[in-house]
Amino acid sequence: MAAPAEGLDPAAVTFVRCTVDLGAGTARIERLRCRNLEDVLGGVGRAYQLLAERDIRAAYCPENPLVVSTGLLTGSAVMTGLRTYFSAYSPLKHSDRGLPAAMWAAGSDKFGARLKWTGIDEVVFEGRSPRPVYALFRAGPSGPQVQLLPAERLLGLDTHRKIMALHQEHPDAHFAVIGPGGEHYESVYMGAVALSTENQFKSGEDKCRFAGRGGMGSVMGYKNLIALAAAGPDQVPPATPEVLEVNKTLLKPKAGGSTRYQPVRQGGGGGTWANLEVMQAFRAAPENNFRPKAHQAVEGLFRRNVEKDLEVRSEACFRCGIRCHNNVFERTPEGPGRFIAKFDYEPLNLFGSNLGLHDGPQTAELVKLADNLGLDAISAATTLAYVLDYNERHPDAPLLNGATFGQFERIRDLLRRTGEGLLPEIGRGVKRLSRNLGETAYAMHVKGLELPAFLPETNPGYIFAVAGGHMSMQTQMLLAKEGKTTLEEWTGVITRLGLLQAGFDAIGLCKFTGVWINSEVIARAVQAATGLPMTTGQLEQAARRIYLRGLALEWKQGYTDAEYTLPDQVFQDPNPAVQLPNFVTREYVRDLKRRVWAAFAPELQELAPTFPPKESAC
Ligand code: SF4
């Protein structure tokens with residue numbers, strides 16, 4: 001895996017790391033030279049190399065670092081260059097041996113850019129603070145400055161209130177905070193990190209962005225790190241003609257591919273919400289714990305039906321023309337009233353029809369509650385769906401409050417109490433709950449991380465995702481959109497294209513730009529914004545190594561071949577209501593794994609001493 005001869009020399013590039021020792025209350029800032037292209041890209045490209053150096057056996061230990069990083073293009077003038085990444089060993093995702101898996105989560109708007117503009121590319125939080133603190137970063141006359149400040153007064157506030165309280169004190173800052181979920185880290189392993197937005201400050205409404213997956217907010221809670229603040233003026237570099245050209249390309253239907261995320265009124269598809277109609281056309285939109293019915297109740301959550309009760313407005317992160325947010329408001333005679341929540345496909349479906357709720361306002365209230373509590377919407381909703389399913393199967397001995405599908409008030413009560421740390425059964429995720437109950441077949445997770453809103457029987461690519469089923473392996477629409485079912489097709493996409501998605505979580509751009517990391521558009525963006533002559537080939541190689549390092553870290557944490565599989569229900573009880581080819585059998589998964597492992601073996605053997613796996617019956 002040597003770096004290609006032509007293009008950029010990584011050693012010519014440096015970055016600034018700030019290491020904060022929370023136990024001692026000290027910080028060290030150093031400029032380091034990049035060792036490879038992944039270091040140059042930044043984000044998880046660097047963070048996963050640091051995690052690989054640690055021997056971590058429990059997520060809640062002082063040696064587990066929390067790496068908060070920006071990407072090469074975070075804070076640049078390239079559109080969507082706003083990403084912040086949070087990486088650590090996860091309390092939620094874990095191997096059957098009980099070891100925590102490495103994870104990352106990413107979020108947008110201006111916190112990452114502000115951090116970058118202080119002169120810091122990456123912060124490594126070591127140890128654990130003896131008291132609740134928040135970290136404040138700002139540019140000083142002789143370089144970046146860091147302070148750890150008391151945070152007791154923030155405890156108990158929801159994510160939005162924490163941000164607004166900090167905003168009062170630091171009006172020139174942006175923030176990353178945890179909610180009550182992360183504060184109750186001992187019983188909530190799925191705490192999210194909420195990122196402040198320009199729109200939030202302007203409107204006073206709780207329009208945060210979230211880095212949700214894998215419990216990075218819970219890791220912050222364990223560390224007694226309640227919030228991060230990055231202060232200072234905006235320093236967006238001037239957009240050169242080359243950068244403007246790249247930004248225009250990112251908005252174009254063909255070259256950029258962001259069209260389906262753009263507002264309907266802008267000629268786009270209306271954001272990820274549109275996925276609901278695509279999947280429901282095949283009765284493949286998750287319903288009642290990933291078990292669609294033949295009926296059409298899901299249509300209650302189609303945009304045109306939700307708009308009968310609520311106002312929907314397209315809004316955006318800082319300076320982003322893609323405007324992918326579908327914000328829903330109460331309807332008043334004067335127009336939009338109280339802001340309720342943002343409707344993306346995952347929370348909309350998982351807090352809606354997957355819980356047996358097909359009502360826009362009810363679903364919006366649950367999305368809002370999860371966001372305010374600082375819970376990962378996907379993990380919380382998917383674990384809730386399991387509880388409802390269990391209760392439907394065990395009417396005489398139900399769990400908790402006995403809630404089952406469609407019971408809005410009871411479901412809301414479970415969600416609220418989970419975020420308050422009162423229901424560790426739900427807060428620790430569906431893998432632990434289902435194993436404790438001895439009913440794992442319908443627990444919708446892969447490798448300990450709850451599934452997003454695509455049926456597992458339509459996406460064997462989940463098996464190979466390393467940090468979120470649809471965010472680190474882009475195969476979730478392959479069957480519905482392209483009809484692909486053969487082993488050759490799936491092996492090809494998993495081992496060559498789907499994994500390149502990991503590059504987005506290094507470089508600082510949003511996946512909703514819709515372009516693959518191998519696109520020449522990204523290379524042009526890097527050249528235009530930084531002057532670095534990174535080739536398309538180098539970008540692809542770096543993205544591939546980032547993904548493979550994620551896979552190698554799974555092996556390091558004790559995953560075995562048997563854990564690379566889908567929930568048993570997929571094989572045992574295929575759903576006749578789903579109108580897509582039923583091709584994912586145990587034999588298919590066995591053969592797919594053989595092919596994928598063979599394709600990865602030359603590189604993976606170098607990264608993971610325990611590879612290749614001993615084959616198991618899946
Ligand atoms: S594509 Fe959406 S999430 Fe990404 S930066 Fe633009 S508005 Fe924000």
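The structure described here is a predicted model. Helix α16 itself spans residues 430-437, and its buried residues are V430, K431, R432, L433 and S434.

Two packed helices are described by the angle between their axes and the distance between the axes. Helix α2 comprises residues 43-52 and helix α21 residues 536-556; the two pack at an angle of about 30°, and their axes lie 10 Å apart. Because angles under 35 degrees count as roughly parallel, α2 and α21 are therefore assigned a roughly parallel arrangement. The crossing in which α2 passes α21 is left-handed. On the α2 side, the contact is formed by V44, G45, Y48, Q49, L51 and A52. These residues meet A542, I546, R549, G550 and L553 of α21. By class, the residues of the contact between α2 and α21 comprise seven nonpolar, three polar and one charged.

The model also contains a ligand, which is surrounded by 13 residues. The closest of these are C317, C320, C324, C510 and F512. Divided by class, the shell around the ligand consists of nine nonpolar, three polar and one charged residues.

How values were computed: Residues are numbered from 1 along each chain as its sequence is written. This is a predicted model: local features need pLDDT of at least 70, side-chain atom pairs count only at pLDDT 80 or more; totals for chains, interfaces and linings use all residues. A residue is near a molecule or strand if its C-beta atom, placed from the backbone, lies within 6 Å of it. Ala, Val, Leu, Ile, Met, Phe, Trp, Tyr, Cys and Pro count as nonpolar, Asp, Glu, Lys and Arg as charged, and the others, Gly among them, as polar. Axes are lines fitted to C-alpha atoms, for helices over the stretch in contact, and angles run from 0 to 180 degrees between N-to-C directions. Helices (H or I, at least four residues) and strands (E, at least two) are DSSP runs, numbered from the N terminus. Angles under 35 degrees count as roughly parallel, over 145 as roughly antiparallel, 65 to 115 as roughly perpendicular and the rest as oblique. A crossing is left-handed if the near helix is turned anticlockwise from the far one by less than a right angle, and right-handed if clockwise. Two residues are in contact if their C-beta atoms, placed from the backbone, lie within 7 Å. A residue is buried if 20 or more other C-beta atoms lie within 10 Å of its own, exposed if 12 or fewer, and partly exposed in between; C-beta atoms are placed from the backbone.
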